[in-house]
Amino acid sequence: MPDVLTTLVQPGVRVEVQFGRSKIYSGLVERVHSETPDYQTKNIIAVLDEVTVVTPQQLQLWDWLADYYCCTLGEVMQVALPGHLKLTSETKLVFNPNFGDDFSELSNDEYLVAEALHIQNEVTIDDARKILNKKTVFPVVQSLLNRGVLFLREDLQEKFKPRKVTAVRLAEPYRSQPDLLKEVFSELQNKERQVEILMAYMALSRRQPVVLRQEVLQKADVSPSSFATLVKKGILETYDREVSRLSGYEDELADAGELSPEQRRAFSEIKDCFSTKNVALLHGVTGSGKTRIYVELIRDAIRQGGQILYLLPEIALTTQLVERLQRIFGSEVAVYHSKINYNERVEVWRSAAAGKPVVMAARSGLFLPFQNLQLVIVDEEHDASFKQFDPAPRYHARDTAIYLAKLYGAKVLLGTATPALETYHNATTGKYGLVELNERFGGLQLPEFQPIDLREQYKNRQMQSIFSTPLLEGLQSALDNGEQVILFQNRRGYSPVLECQTCGWTAQCRHCDVSLTFHKHSNRLQCHYCGYQREPVSVCPACGSGKITLLSFGTEKIEEELKIFLPKARIARMDLDTAGTKSNLAALLNDFEEKRIDILVGTQMVTKGLDFENVGVVGILSADQLVRFPDFRAGERAYQLLTQVAGRAGRKNKQGRVLMQAFNPSHPVLQEVLKGDFAGFIRRELGERREFRYPPFTRLIHLTLRHKDAHIVHDAAAFFGKLLREKLGDRVLGPVLPHIPRVRGLYAENIMLKLEKSAPLLANAKALIRHSTEIMLGRQGFGQVLVGVDVDPV
């Protein structure tokens with residue numbers, strides 16, 4: 001390293017390093033020392049930053065993640081750093097047309113790169129080096145990024161589409177000549193409902209600049225048809241208004257409302273917990289008003305000058321909650337996740353470093369550079385979306401948040417209606433504080449459950465396609481009462497299996513050991529693991545029979561069949577096929593909220609963060625499917641998912657109904673859901689876990705070895721298992737074939753470590769995994785085997 005750079009190098013700054021003859025990468029300085037390493041070093045060509053881009057707390061978090069989740073520091077950095085801070089010679093630069101062509105403020109080097117981009121639109125950093133005839137161009141690129149002259153190609157992702165809401169205003173000539181309304185009221189004196197609508201609009205328009213159609217209907221308490229009549233008469237008109245999900249909040253702020261006595265008690269207990277413990281669990285039934293308590297805690301932290309990180313499992317599915325907090329806290333709220341574009345990511349990164357009070361984020365928000373973090377809220381802490389699966393680090397956002405808070409001296413609140421067993425065990429054994437809310441806000445009742453035994457329905461010939469008679473009657477009753485319905489089936493597509501009735505052949509994926517799912521809308525067979533598609537067949541390729549049939553059903557078939565039995569109902573589907581993009585999801589949620597949809601059919605997407613006041617009935621089409629999965633957590637997941645989806649019913653002003661179809665409604669988990677018996681569920685599940693030595697009484701580490709050759713991965717897994725067993729004995733289970741042996745062309749074998757809860761044992765096991773991985777990869781024939789380590793799998 002040149003002497004001139006010595007004073008500039010410090011932990012947290014980026015430097016430019018050359019690998020090979022032409023590859024140049026930006027690296028991050030973690031530590032400055034004078035020890036001689038036992039490997040060949042690379043010279044630093046340039047220092048890219050005058051000030052640190054990563055804080056000491058962030059570096060500590062990275063070290064902990066790499067150590068705890070058994071991965072490399074580089075893998076953590078790859079996930080943690082936003083794209084604009086990771087530059088390589090292959091990085092593509094794209095001209096920003098909004099900048100224009102005025103380059104007068106740029107330096108000579110910046111001008112040359114900007115001009116080339118203006119002409120060619122896209123160049124690589126390697127091209128920029130040739131243009132400037134310099135080895136070091138990263139500082140120039142960084143400066144152009146900061147000025148907004150260019151983007152990075154990987155950062156050109158689709159923005160969140162703005163949400164459109166239907167607003168109302170007076171039609172002309174009444175808008176410009178309000179005196180004419182006197183004649184209108186005279187004409188409508190015998191039309192009571194139309195007068196109520198007009199009066200409701202007038203009252204709302206005096207208080208707020210924009211009046212929404214939904215607000216008018218609610219205030220007047222009338223049907224949409226009366227409203228439509230006023231529009232037809234040319235008295236009122238509707239128009240779409242865009243409400244941005246991510247930009248600064250510009251509307252009038254709303255008051256959060258008073259805490260109920262039960263909420264005040266919970267708030268007080270949380271504060272008491274925080275005086276002695278750093279982590280507390282808020283266990284509140286669905287609709288108990290947990291968010292209102294979060295608001296009060298956020299206010300407290302803001303008053304003390306602190307920052308709040310509010311973690312949500314999937315930010316795209318919780319837009320209602322984001323908007324609610326923005327209405328209360330306005331522009332003090334920032335939203336951060338992996339799908340927002342480059343400018344927004346940079347803005348939130350910088351605002352967090354500058355002390356932005358509230359950051360609502362998916363798990364990636366853990367890596368932001370906070371200035372004074374005081375409170376971390378993990379909402380729906382049980383949700384599996386908080387776990388990163390691929391690539392490494394396979395971290396759990398809830399557990400990482402607890403460590404992050406420890407670094408800043410902050411408090412952590414975990415909130416959910418259905419806690420993870422590990423979390424609840426920690427709370428009941430005194431490791432965490434525990435606060436419970438057992439009543440719905442406003443004294444509303446929890447939904448009434450009605451089990452439907454499908455065996456009896458089939459026996460008595462009361463099934464109509466995939467619907468039982470009681471379910472269809474419940475749907476019709478809800479529609480007759482002007483209520484909306486949510487139907488839940490955790491499988492998308494039309495049918496998951498295409499089978500020959502003569503020989504049993506099924507349509508399989510070419511790259512994975514799974515059956516292809518039939519999607520009727522596109523008339524394609526599709527693999528939900530690798531994306532492979534093909535045309536459906538009408539003749540069996542194995543035996544030539546024409547008896548090809550579709551087995552079981554997904555959300556697409558439910559939607560189609562419902563239209564036969566309830567032809568007047570307005571039906572929509574919410575799954576990855578229909579709500580895969582942010583704009584489609586926003587439109588779907590908006591239509592349901594504004595009562596343009598009667599029945600919403602969906603996968604587990606419908607369980608997350610949705611709060612619709614008019615949902616009277618929730619239908620669950622095949623509850624058994626959730627408890628049959630070969631996994632020790634299947635019962636826990638089923639209880640959580642069914643309780644969460646049931647909680648969508650009757651949330652505002654009356655008790656809802658949950659109709660649950662099952663072939664075995666007497667299954668223990670389903671009975672516990674039906675009775676709302678959380679205590680019984682926990683007692684039984686923990687008893688089974690203790691007996692069979694599963695978490696929370698042990699620690700698990702899951703190892704997956706992958707290779708394109710089944711024989712190689714089998715031999716490698718046997719060798720790896722032998723190395724582990726020499727030190728850990730019968731704590732090593734496997735290797736075994738996974739539930740799906742081949743995915744994306746790679747065969748897999750699994751090994752599981754089941755360890756007693758001992759920190760030294762866990763540390764030794766991870767060190768052994770690292771050492772065994774090196775030995776195995778060094779053995780002839782095993783060099784290309786991929787090893788995935790998952791600590792605390794979910």
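Arg524 is partly exposed, because its relative accessibility is 23% (buried is under 20% relative accessible area, exposed over 50%, partly exposed in between; 1.4 Å probe, protein chains only). The model is predicted: local features need pLDDT of at least 70, side-chain atom pairs count only at pLDDT 80 or more, and totals for chains, interfaces and linings use all residues. Residues are numbered from 1 along each chain as its sequence is written, and side-chain values use heavy atoms, leaving out hydrogens and water.

Arg524 makes a salt bridge to Glu535, with the closest N and O atoms 3.2 Å apart (a side-chain nitrogen of Lys or Arg within 4 Å of a carboxyl oxygen of Asp or Glu). This pair links distant parts of the chain, 11 residues apart: Arg524 sits in strand E23, Glu535 in the loop between E24 and strand E25 (548–551). Helices (H or I, at least four residues) and strands (E, at least two) are DSSP runs, numbered from the N terminus.

Arg524 in E23 is also the bridge partner of His519. E22 and E23 (residues 524–526) pair antiparallel over 3 bridges; pairing requires at least two DSSP bridges between strands. The open sheet has 3 strands in the order E22-E23-E24. Its edge strands are E22 (517–519) and E24 (533–534).

The structure holds 39 salt bridges. Two of them share Glu296. Arg292 meets Glu296 at 2.8 Å, N to O. Arg299 meets Glu296 at 3.6 Å. Arg292 and Glu296 lie 4 residues apart in helix H12 (residues 290–303), about one turn.

Arg292 is buried because its relative accessibility is 7%. Glu296 is buried at 14%. Arg299 is partly exposed at 22%.

## Nonpolar cores

The largest nonpolar core has 118 residues, of which Trp62, Leu309, Ile701 and Leu753 touch the most other members. A core is a set of buried Ala, Val, Leu, Ile, Met, Phe, Trp, Tyr and Cys residues joined through side-chain atoms within 4.5 Å. Helix H25 (residues 710–728) gives the largest share, 8 residues. Apart from this core lies another, of 31 residues, among them Val295 and Tyr310.

## A covered parallel strand

Strand E26 (residues 571–574) is covered on both faces. Ile571 and Arg573 are buried on one side, Ala572 and Met574 on the other. E26 runs parallel to strand E27 (residues 599–602), joined by 4 bridges. Ile571 has Ile599 as its bridge partner in E27.
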